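Subject: The model, and some notes on it

Hello,

Here is the structure I promised to pass on. Please open it beside this message, and my notes will follow below.

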Amino acid sequence: MSTLLLCRSEVERLLPLADCIEAVQAGFLALARGELLGPVVSALHAPSGGFHFKAAGMGSYIAGKLNANFPGNPAFGRPTIQGLVLLCDAEQGQPLGVFDSTAITALRTAAATAVAARYLAREDARVATVVGCGAQSRAQIRALNLVRPLHRVYAYDLEPLRAQQFAAEIGAELGIESSVAADPRRALSVSQICVTCTPSKTPILHPGDIHPGTFIAAVGADNGEKIEIDPALMAASLVVPDLLEQAIRIGDLHHAVARGFMNVSQVYAELPDLVAGRMPGRTGDDQVFVFDSTGVAVQDVAAAALVYQRAVAQGGGRSIEFAA
């Protein structure tokens, strides 16, 4: 009855991004079929950041994740996101594993973008612009490159040095052209994909910034105060949230609806609808899609279950008896 403990490096070793993408897609399919327990989400604000808890059950597993998000942490040498995932047996409640959540969060978030890109990005999309060059941006480009092989990446960040580091690292790693975008609007004019992963509380993408045919993955708005996409741009685009119920409370969609730019009936589809084949993805080269990624607990349980199964099979991590 022991519980398996896994640190961040072990999670990363056991969860290659390509496999995480397939696990997350399977999770969204299970969600579409009504085969999940939950998902549920709750939040608690703190003076310098906040905490959120997400949980869901899939198959024989339940996963609960508590994440802390403190945007000012990098200035003190600490990561912005820290937390743990608890994986339990769904039938008897046994705690099966406790894992670092930083790696799982980054990987499963990027995996959801890749799943969305399969349906919503142009088949010939080869150029991407990244706005916000923190840790999540690297996972995003790695995942996108697996489903839409990229030829060029433009990087923009309010801190130019961070954009320079990102461009140098991701270009060398993936063997693609990568450079800093001094003018993000110019980079967006030649990009078919845009990823925003910032903690912004004011819109950073506006209608005039985006050209026909663009796929936008809006990743940063994971609470009700954050916003990256101007509500007017949301209203002018085809919007696909990962989970509608959640996006109207904490995503960019929340702001567009609250400010009267669109209503829920105008949402094109949820990502599970596309995965299940209930709605088509992109049907024209000029369509602009916004994937409103708020992060759904099904992504966590799908990824955590795969990590646990591989750790057991390969003898990874270490075990502890909490009840001893």
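Let me begin with a hairpin: E2 is joined to E3 through two residues. Helices (H or I, at least four residues) and strands (E, at least two) are DSSP runs, numbered from the N terminus. Two strands count as paired if DSSP finds at least two bridges between them.

Before going further, please keep in mind that this is a predicted model: local features need pLDDT of at least 70 and side-chain atom pairs count only at pLDDT 80 or more, while totals for chains, interfaces and linings use all residues. Residues are numbered from 1 along each chain as its sequence is written, and side-chain values use heavy atoms, with hydrogens and water left out.

E2 and E3 run antiparallel, joined by nine bridges, and Val40 has Ala55 of E3 as its bridge partner. On the next step, E3 and strand E4 (residues 61-69) are also antiparallel, with nine bridges; here Ala55 stands opposite Gly64 in E4.

Axes are lines fitted to C-alpha atoms, for helices over the stretch in contact, and angles run from 0 to 180 degrees between N-to-C directions.

Contact means heavy atoms within 4.5 Å.

How covered is E3? Eight of its 10 residues are buried, where buried means under 20% relative accessible area, exposed over 50%, and partly exposed in between (1.4 Å probe, protein chains only).

Val40 and Val41 are both in strand E2. Val40 counts as partly exposed because its relative accessibility is 47%; Val41, at 24%, is also partly exposed. Beyond its neighbours within four places in sequence, Val41 is in contact with Phe53, Lys54, Gln246 and Arg249.

**The parallel sheet**

The other sheet to look at is open too, with seven strands in the order E9-E8-E7-E10-E11-E13-E12 and parallel pairing. Strand E9 (177-180) and strand E12 (238-241) are at the edges with a single partner strand each, so one side of each has no neighbour in the sheet. Strand E8 (residues 152-156) pairs with E9 over four bridges, in the parallel sense, and Val153 has Ser178 in E9 as its bridge partner.

Helix H3 (residues 101-120) packs on this sheet, touching strand E11 (215-218), E12 and strand E13 (289-292), and its direction makes about 160° with that of E11. Helix H5 (residues 160-174) touches strand E7 (127-131), E8 and E9, and makes about 175° with the direction of E9.
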